[in-house]
Amino acid sequence: MIDQDHSQLSVRKQCELLAVNRNRLSPREPRRIEGDEAIMKEIDRIYTEFPFYGARKIVRELRDIGIRIGRKRCRRLMKAMGIEALVPKPSTSIPNKQHWKYPYLLRERKVSKPDEVWAADITYVPMYESHVYLVAIMDWHTRAVLSWRVSTTMDSGFCVKAYQEALRVAGRAPEIMNTDQGSQFTGEEWVGAVEASGARVSMDGKGRWMDNVFIERLWRSLKYEDLRLWSYETVAEVTARIDRWMTFYNHRRKHQTLDYEVPWSLYRPNQLGENRKTLTCTEFPPRGTEARAA
């Protein structure tokens, strides 16, 4: 209904004529210019290693490898990737009044059983000439990944589908569903789905990456242990690779904090064998031996 590229009427004027609240419009896709995808891959590499770096330091790191861009362009690309420095922010930030921010319900809470608390988050996954976004739903107590989904756009739709899949896997809703304050998780579609399932909504404090630390560690493990060893030309390729690693993570990867158990053996102790896939060491080669270098 609203044409954001109309030659004669501005978006503001169109909204006035149609009596539409301009704040309710879907955000315009970020402008891309030549070379953005290659730079975004390097930003993702730097950010995964130094998640506390902001645009200023990432720009310095990029210049060290011969990529000369300004801080504004770096900030634009980081925003398109959905990432920001994982450090406490000053209290001068003004929250978006259109979205209600729910309180963080896990402070000093001891999570002692499966399905008591779930966590969700989104990460950026670079490909050869493009990228995708990955969302995962994790059980807080056992670290089991209940569901995940890949999307070429960062909206709330694929997050809601991942949550619905997690409900089918678990057979019930969690007591608490915790996320960050990203727009995908503060919008009506996500909050409505969580509350309709009977779960309570919890959100990290602004700039408090430690509030959702377990799923942040999941992303780091996924990228360092597998995704960075390979390159991907299609969404199907990267999706298949993520599927193999998630199966490995749930059914084969031992966790020191879980007394060297695997997540699924704690989440579904009687179903480990029937759900496990056969994985060989060649599917997860050590660094430097991959068949297709990233």
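Two rings of Phe, Tyr or Trp, the last taken by its six-membered ring, are treated as an aromatic pair if their centres lie within 6.5 Å. In this predicted model, a search of the whole structure on that basis finds eight aromatic pairs. One of them is formed by tyrosine 124 and tyrosine 133, whose rings are arranged edge-to-face, with 6.3 Å from centre to centre and 65 degrees between the planes. The edge-to-face label applies because planes over 60 degrees apart are counted in that way. Both partners are buried: tyrosine 124 has a relative accessible area of 0%, and tyrosine 133 has a relative accessible area of 4%.

Tryptophan 245 and tyrosine 249 form another aromatic pair, and here the rings are stacked, with 5.3 Å from centre to centre and 25 degrees between the planes. The two residues belong to helix α9, which spans residues 235-251, and they are placed four residues apart in it, or about one turn of the helix. Tryptophan 245 is buried, its relative accessible area being 0%, and tyrosine 249 is likewise buried, with a relative accessible area of 4%. These values count as buried because the term covers relative accessible areas under 20%.

Aromatic residues also come together in a group, as Trp118, Tyr163, Phe185 and Trp190 form one aromatic cluster. A further arrangement involves a charge and a ring, in that the charged end of arginine 143 sits over the ring of phenylalanine 214, at 3.7 Å from the centre of that ring.

Methods: Residues are numbered from 1 along each chain as its sequence is written. This is a predicted model: local features need pLDDT of at least 70, side-chain atom pairs count only at pLDDT 80 or more; totals for chains, interfaces and linings use all residues. Side-chain values use heavy atoms; hydrogens and water are left out. Rings of Phe, Tyr and Trp (its six-membered ring) pair if their centres lie within 6.5 Å; planes under 30 degrees apart count as stacked, over 60 as edge-to-face and the rest as tilted. Buried means under 20% relative accessible area, exposed over 50%, partly exposed in between (1.4 Å probe, protein chains only). A charge sits over a ring if NZ of Lys or CZ of Arg is within 6 Å of the ring centre and within 35 degrees of the ring normal.
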